Amino acid sequence: MPRDRSLLNNVTSLVVCGLLAGLVVAAAAFPAIAVSGLAVKAGAESFEDLPNELRVEPIPQLTSVYANDGKTLITSFYDESRQPVALADVPQVMQDAIISVEDSRFYEHNGVDPRGVVRALLANSSDGEVSEGASTLTMQYVRNVLKYNAQTDEEIFEATEDTPERKIREMRYAMAIEKELDKPEILERYLNIAFFGNRAYGIYAASQSYFSKKPKDLELGEAAFIAGLVQAPGAYDPSAGDKKAATDRRNHVLDRMVANGKITQAQSDEEKAKELDLKLKAQPSECVEVPKKHNDWGFFCDFLKDWWSKNAAFGAEPADRLAKLKQGGYKIVTSLDPQVQKTAMKTILEQEQKESHLALGTVVIEPGTGRVRSMAVNRKYSLDTSGNPLHSNPALAAKDVKGTYPNTTVPLFTTDGNGNGGFQIGSTAKFFTMIAALENGIPLTQAFQSPYQYKSKIYSAGYQAGDSACDRLPDGSYHWCPHNDSRGFQTGKFNMWSGFGRSVNTYFVQLIERVGADKVVDTWEKMGVTWHNVDDRERATPGCQDQEGEDFCGEPVGWGTLTLGVAATTPMEVANAYATIAAEGTYCEPTPIQSITDRNGNPVTAGDPKCQPVISKDVARAATDAARCPIGQNSSTSKCDQGTFPGGLQVGDRDVAGKTGTTDNGSLWFAGFTGNNALATFHTDPDYLGKSSIGMRGSPHYIVSEDILNAAEEGYDKKDFKKPSEAMIYGKNPRDVPSVSCDSVEDAKDKMDRAGFKSEVVQGERSDCPKGTVYWTNPDGRAAEGSTITLYVSAGQKKDDSSDDNDDDNGGPGPDLPWPCLPPNDCDDKPGRN
């Protein structure tokens, strides 16, 4: 459209606008003497002195968060709901409506409309007050920019206060803008910056908010309604229920469009006869406003927000980072897989309803990237806990304290933001001891004679007598004497495959004695596990630590109970640690991100996976080989000998590994992986750990884990596990260990010496060999050249001891496995089981 610059160009523009500005000042300050020459002169001088370069900062834009398909909207983060749209995507009827009601001479002036100024002058003079402001669309755009540029309270006041000085400044900037930008670009910027009420900033948000459609689909009456909101959104916004003011305003805009020749009177009359048909749709905001039918996404959203607030790439402080999230206009495609999440919620709720005090949940992570694909739990993500039942802890219930179910925002998968959280993980912790042993040269063939109860040669049980304490030491403390859950299934000779497969406590106590608890602590930490309570942090930290009322000196080297899962750990950390082994030793930080692009469509690398090798590939392969035993698969070396996962874990034709876990504080676990997915599933009462396992059944977390792993594998190619090296199986430079069954000790030692091994003699148990002869070597089969072979000496030939064994001795799990000591049965006071 041609632009008329005949009145205002070059120096003449400044003079005329200066004069007009003076009139506006005079009219505003002294309506009765509006044409005073002194006022005109003063206005002209001040106008020429004003700066004319407008600093345009990026305006706040909402950040949209999508599932991994890039299309399914999870939620938005914003201070102002705004999503820019090109003018080409705004229909002409919308452009005509906004121009007709706000600035009918928009295409004819150069930022300041002389006719409008004179009209304002006359109106203000006759009213005796400022009743009309003469603002053009360009000046309104300038006003919004100044508001967004404001950094101090004074600047905010200057940008928004209704004063003549502000008006003059806007005129000066408007003229400068008109020299830099053409009219369509100014109109596009105006439509994207203006506020339309109902939390809607910009034309895209307004169209969505009031009519649930994109701007390009707006019709005449809808466009007229939206255009009418700009002048006073609070007065005309009908979202609260009153449509009269909004309807009257819409009709006024239609009248203005007729007056400006944009529509006919007949079109106007037709639209006026229609009811205001609103389809209100507020833009979702943050995690409490995820789609109602997908409320479970709230926990993942909360994880995303926490991840963002801790990422230094988005600002120096958490507050700065969250401000950027709400204003930066990012498109975040998350790693959340809606289909896996759907399956997870379905199978979880089939096992444990939301109203249960027991939390049943799972987290799925992709090995090699750390991308979290699912976070599902039988809870509703909500801030409203008013309808929750009383706490499951009777002491708190007596004080009318409500529980955290079914409504909660407690991050059950991670920490609470202050480093607190997690549950004891029981025998899933044996995985870390095994990895530490393999890292320190102890091979998979390492075997121990594992009795039902074992007196630790290193670790103390402290000064309190308990189920795992025996034989008082000179200083008054007790030996630590942990025991297994089953005399038959978990008693005997075990190597790393069978000891892990059958979850033999007394095997792993001997293993942590051999490798050193401090090295096991190191393995936990480098696989991403942190310590979530004071006691655990003190145990894991060398030296005496300050603790309330006392000095605590629990050195890592003395933390033998760690192998049985006494440390509180989060499901996210457990899943990711197992994912590290699935990725052959590559640790990746857990991330909710698949991709991030900024407001200009540029990729943001802060969301890329952050991975590094922390465990050697060979160690990871060896740990994986042994971890196939608990779930009923066989190792690549065919060394598995039964497991604790009931019925075996079946995930199609995929190689699978994992570990069960049960604790005395009422937490049940399974952690497992394929080459493509790793998960950790937990079943516990988060409100009352250790006390409230009433109603807990033995199988839900197993059923859930199997269903979810099967769903997670869809779309992935099969990825077989790789066989560990002979060094991992037997030790370095392995050689055959001579058979010395029922040989005398001297003959056995001589054979070992000639084969290149050292030997030590240990008094053993009854066996098939005569008393005083060697009945077993550890290791047997093959061992590292030059290593020490333990010769076990028979205490006499076996007797029929079945009368002393209350457990199943037929080689299979006893009736208490893999669910020993669950209520209402009596439970042993042990730190971790099965």
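User: Before we start, how are strands and their pairing defined here, and what kind of model is this?
Analyst: Strands are DSSP runs of E with at least two residues, numbered from the N terminus, and two of them pair if DSSP finds at least two bridges between them. Residues are numbered from 1 along each chain as its sequence is written, and side-chain values use heavy atoms, leaving out hydrogens and water. Local features need pLDDT of at least 70, side-chain atom pairs count only at pLDDT 80 or more, and totals for chains, interfaces and linings use all residues, since this is a predicted model.

User: Thanks! Which residue in β18 is the bridge partner of K331?
Analyst: K331 belongs to β3 (residues 331-334), which runs parallel to β1 (residues 63-66) through 3 bridges, and there K331 stands opposite S64. β3 also pairs with β18 (residues 593-597) in the antiparallel sense, over 4 bridges. In β18, the partner of K331 is T597.

User: How many residues does the largest nonpolar core have?
Analyst: Such a core is a set of buried Ala, Val, Leu, Ile, Met, Phe, Trp, Tyr and Cys residues joined through side-chain atoms within 4.5 Å; buried means under 20% relative accessible area with a 1.4 Å probe, protein chains only. F431 and W524 have the most contacts inside the largest one. Its residue count is 102.

User: And how many residues are in the other core, the one with M139?
Analyst: That core lies apart from the largest one. Its members include M139, V142, A159 and Y210. The number of residues is 60.

How values were computed: Buried means under 20% relative accessible area, exposed over 50%, partly exposed in between (1.4 Å probe, protein chains only).
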